Amino acid sequence: AFLLTFLSAIIMLIFICFCVHFQNTAGQFFSSGHTNNWAVLVCTSRFWFNYRHVANTLSVYRSVKRLGIPDSHIVLMLADDMACNHRNPKPATVFSHRNMELNVYGDDVEVDYRGYEVTVENFLRVLTGRLPPSTPRSKRLLSDDRSNILIYLTGHGGNGFLKFQDSEEISNVELADAFEQMWQKRRYNELLFIIDTCQGASMYERFYSPNIMALASSQVGEDSLSHQPDLAIGVHLMDRYTFYLLEFLEDIHPASKSNMNDLFKVCPKSQCVSTPGHRTDLFLRDPGSVLITDFFGSVRKVEITMEAIHLTDPILQLEDGPMSEEVQEKTYSYVDQLPVSEIIHQKPKQKDWHPPDGFILGLWTLILLVFFKTYGIKHLKHIF
Amino acid sequence: MGLLSDPNRRRALISLLTRLNAPICVLCYFAAVCWFMGLSFEPFTLRTYMSENAMGSTMVEERFPAGERALATAKEFGAHKKKVGGMPVDWLVKTMQARGLEVFTQRFSRTLPFPDENNERYIVEGTNVYGILRAPRAPRTEALVLSAPCSPGDDNNQAVGLLLGLAHYFRNQVFWAKDIIFLVNEHDLIGMQAWLEGYHHTNTTGMDWSPLQGRGGSIQAALSLELSSDVVTSLDIVLEGLNGQLPNLDLANLFYAFCQKIGVLCTIQGRIQRNDWDSVSGYSHAVQTMMLMVMKQASGRSWGDHGLFLRYHIEAATIKGINSFRQYKTDATTVGRLLEGMYRKLNNLLERLHQSYFFYLMPSLSHFVSIGYYMPAFGLLAVILLLRALDLWVQLATPPSRNEDGVADIEQSSTGVLSVLTPLVISHLTGAALYMLPVRFQEMAVEHFQVSETEAVVLTAIAVYTGGLALPHNTHRLISGEGTEQGWRVLKLVAVLYLAVLLGCTALINFSLGFILALTLVPVASFVTPHVPKLLSAVVLVILSPAFTLLFSVFIFQELQEMPVSFQDGWMLYLSVISQGILDHYLYGSLVYPLIALMVYPCWLLFWNILFWK
């Protein structure tokens with residue numbers, strides 16, 4: 001009789017754990033909160049000797065497209081045309097690996113802003129959405145409050161600025177303000193900002209809007225170095241950080257579970273010579289729970305299950321979808337600047353409830369004690 | 001503040017100035033000489049580096065394969081040249097067309113003002129042949145030039161052969177963003193001048209040329225090739241151009257970078273670099289290299305066919321192949337690869353070379369001295385002149401102490417100007433005579449004396465120069481009144497300031513010329529007064545005059561090139577240098593001869609006048 005009770009207790013326990021696991025999966029299923037993905041990829045420098053910046057941008061474009069984000073959701077800005085440059089010994093190609101292993105230009109690249117259209121003004125207009133009505137859709141960032149946006153910038157930069165096209169600069173303050181405009185206009189759910197320039201970390205120092213994660217290829221005072229020259233073409237093909245980023249991304253497929261912590265480890269100082277940096281204090285989720293494909297891919301979440309999944313209470317309470325953050329519970333109105341710091345430092349939003357680990361351990365201990373009490377300690381030697 | 005407006009302080013300053021004037025001047029002079037000599041001391045120089053971002057490092061793959069074929073072409077060219085007895089125009093046109101270039105020719109002719117005995121020519125007629133390699137995908141807005149001269153005899157055959165070989169190889173590449181013009185010019189500098197004038201639609205020297213039918217856009221850079229042997233042991237780069245203008249240092253840096261990459265021995269001024277800068281012989285080697293550059297720059301001649309490009313703001317250099325007795329020989333393929341590498345890098349340029357220095361001196365190919373470092377040497381010499389001027393001003397401003405002729409004092413202000421004006425005008429008229437008479441009256445001289453035209457010109461120049469020495473004794477008979485004490489001071493003040501301005505302007509444009517002239521004329525200007533011993537000072541003044549400076553420079557130049565000459569040969573060389581200088585002025589617009597004849601010589605004559613002031 002006791003054996004039966006014991007067995008049923010174990011089965012109950014397993015079932016509870018299973019449910020909990022399902023709840024975890026369900027939680028994870030809807031944890032990221034985004035429904036669409038956008039990418040804004042910008043190369044800001046022109047001239048033949050800046051071939052590597054165009055190659056950088058095109059390699060990120062290639063990865064992002066491969067992982068599922070369509071051209072209609074990618075805004076690609078290239079400040080110069082390297083593939084058709086008169087000096088290119090292999091016209092219509094842009095290589096990222098020496099000996100012409102990988103042509104990142106391909107035959108289906110779609111450049112939205114090209115040449116002299118890549119200006120600070122156009123970039124900021126794309127981000128904030130303030131474009132003239134005549135702008136075609138391919139040149140707009142039509143994101144909403146459920147969009148995860150990847151923003152990748154590369155070019156020549158310095159402490160606090162990024163040079164556009166040899167004639168103008170964008171400062172880190174302008175960029176931070178642009179992101180704040182995006183936040184207030186509910187143009188993004190979460191933003192991943194990657195920058196590969198010299199002293200790139202200075203560009204994300206001034207961000208103050210929530211839900212932004214930033215990565216940079218070098219710290220303030222350091223130069224980002226280029227990777228390898230190709231003697232036949234006569235220029236450096238890629239920058240180090242983006243080269244190793246591309247290698248990392250080539251291993252990612254749409255079902256990958258790699259998370260941001262792996263991304264932070266890309267290109268350590270031994271490979272990059274500069275020290276890559278990242279900033280996650282504005283981001284409300286734990287970076288370990290953020291998948292790479294949340295930003296780099298456009299993953300349609302489909303899971304086939306035979307079970308009915310009970311969405312836990314907090315999800316049911318809201319009308320417009322699974323999980324939502326406390327901020328979006330309010331009505332859509334412009335918030336004040338000051339409460340932003342409040343939002344950053346508020347207690348983290350509640351995760352799915354699962355039984356504390358101690359409870360399971362205590363339960364097992366109780367079972368063991370009951371067993372030995374009932375059957376006597378002398379049976380211990382039969383077990384071990 | 002109180003320093004200059006307080007009369008007591010001012011008097012103290014002025015007395016300090018007058019007391020210490022001579023010692024400070026001597027100190028400055030020696031400081032200037034020491035500064036100049038110290039310029040070639042290696043710790044005081046900077047290593048050369050590439051400043052132009054677009055050219056980057058030597059990151060290209062050179063694949064020129066056809067050195068042997070180029071040499072075969074060179075032999076063919078030599079044979080045709082001998083057959084035609086000049087420039088084989090038809091063969092060149094056919095060969096260039098076979099290589100896929102757009103070929104054009106230009107005829108030119110020039111009658112020299114007097115026969116050129118060095119090159120044995122008087123009436124020059126010739127043809128330039130050039131082929132344009134059009135950039136496959138680029139608009140025809142920019143061009144690069146590779147030129148080789150068609151020299152009489154067997155010289156430079158290999159240069160033309162290599163040029164044609166490179167043309168064939170370049171034609172097969174798709175990455176050219178600029179047109180490349182392959183030019184074979186006849187009669188070296190004259191042909192080059194005709195081509196450049198035709199290309200840029202200017203006619204500054206009175207040459208007669210047919211207009212160019214084909215053009216390539218604005219020229220960004222040019223290289224001139226001189227190669228007379230199948231193998232070379234070293235490559236020499238020549239930078240000095242017309243009027244002492246130098247190409248952008250980046251061109252020399254590019255050459256040096258590729259020499260190091262490919263492993264060819266490269267020299268400048270024909271001297272190999274040494275590593276032992278801390279030893280006396282190493283230092284003197286560097287000094288000699290720099291002095292060679294200074295003398296070449298001061299002469300204002302164009303020391304290679306590239307020199308004429310510089311005034312059109314086209315960076316150009318001449319690369320000479322030297323075959324001396326050395327074990328390691330470089331073949332034509334390697335030289336071709338070096339040129340290919342340089343042209344690929346120049347192809348990457350987006351703007352004209354402007355990031356590096358335009359004014360520099362090179363004690364060796366890997367070190368340079370920029371204008372900011374060498375100008376103080378000249379500045380110290382100019383300071384001497386200014387101190388002297390101040391001293392004279394002070395002396396002029398204190399007349400009451402010297403009251404010998406009270407009449408002259410009152411009249412001083414009115415006769416001062418007139419008494420100064422006469423020597424000025426007469427000196428400049430003599431200078432004008434020195435400029436115009438030699439060439440204009442050469443026929444008359446040939447009639448009356450048994451000399452050739454060239455000798456007539458040169459000897460007339462020397463005669464006018466020496467005739468000017470007799471002036472002071474004669475002009476004083478023309479002036480009614482006698483010169484006063486104040487008179488010579490005013491004249492000296494004017495002369496010193498005139499010399500300062502003249503030398504300053506010269507040094508800005510052609511530092512070497514300005515510095516060498518300053519070295520000899522500044523002591524003259526400082527010490528000459530009517531009261532110094534006449535005979536001794538006259539001798540010193542003549543020795544420090546421009547003509548003798550030129551004579552000494554000729555001897556020193558020959559010494560530096562390790563080909564010392566005897567006095568007879570040196571004198572002949574001196575005469576030929578004068579004739580070449582006059583020819584350079586008429587043919588290419590060199591400014592050294594007019595400068596010396598019209599400005600420096602009259603200035604020196606003023607000091608001669610002061611010496612003999614009564």
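Biologist: How many salt bridges cross the interface of domain 1 of chain B and domain 2 of chain B?
Modeller: The rule finds two there. A salt bridge here is a side-chain nitrogen of Lys or Arg within 4 Å of a carboxyl oxygen of Asp or Glu. Keep in mind that this is a predicted model: local features need pLDDT of at least 70, side-chain atom pairs count only at pLDDT 80 or more, and totals for chains, interfaces and linings use all residues. Residues are numbered from 1 along each chain as its sequence is written, chains are lettered from A in the order in which they are written, and side-chain values use heavy atoms, without hydrogens and water.

Biologist: Which side chain does Arg271(B) meet in a salt bridge?
Modeller: That of Glu562(B), at 3.8 Å, N to O.

Biologist: Where are the domain bounds in chain B?
Modeller: Domain 1 is 11-39 + 371-398 + 415-610, and domain 2 is 64-364. The bounds come from an automatic or database domain assignment.

Biologist: What area is buried between domain 1 of chain B and domain 2 of chain B?
Modeller: About 3300 Å², with 64% of that from carbon and sulfur atoms. Buried area is the accessible area (1.4 Å probe) that two parts lose on being put together, summed over both.

Biologist: Which residues in domain 1 of chain B lose the most area to domain 2 of chain B?
Modeller: Leu560(B), Leu587(B) and Tyr588(B). Together they give 22% of what the domain 1 side buries.

Biologist: And how far apart are the two domain centres?
Modeller: 36 Å, taken over C-alpha atoms. The contact (heavy atoms within 4.5 Å) takes 38 residues from domain 1 of chain B and 38 residues from domain 2 of chain B.
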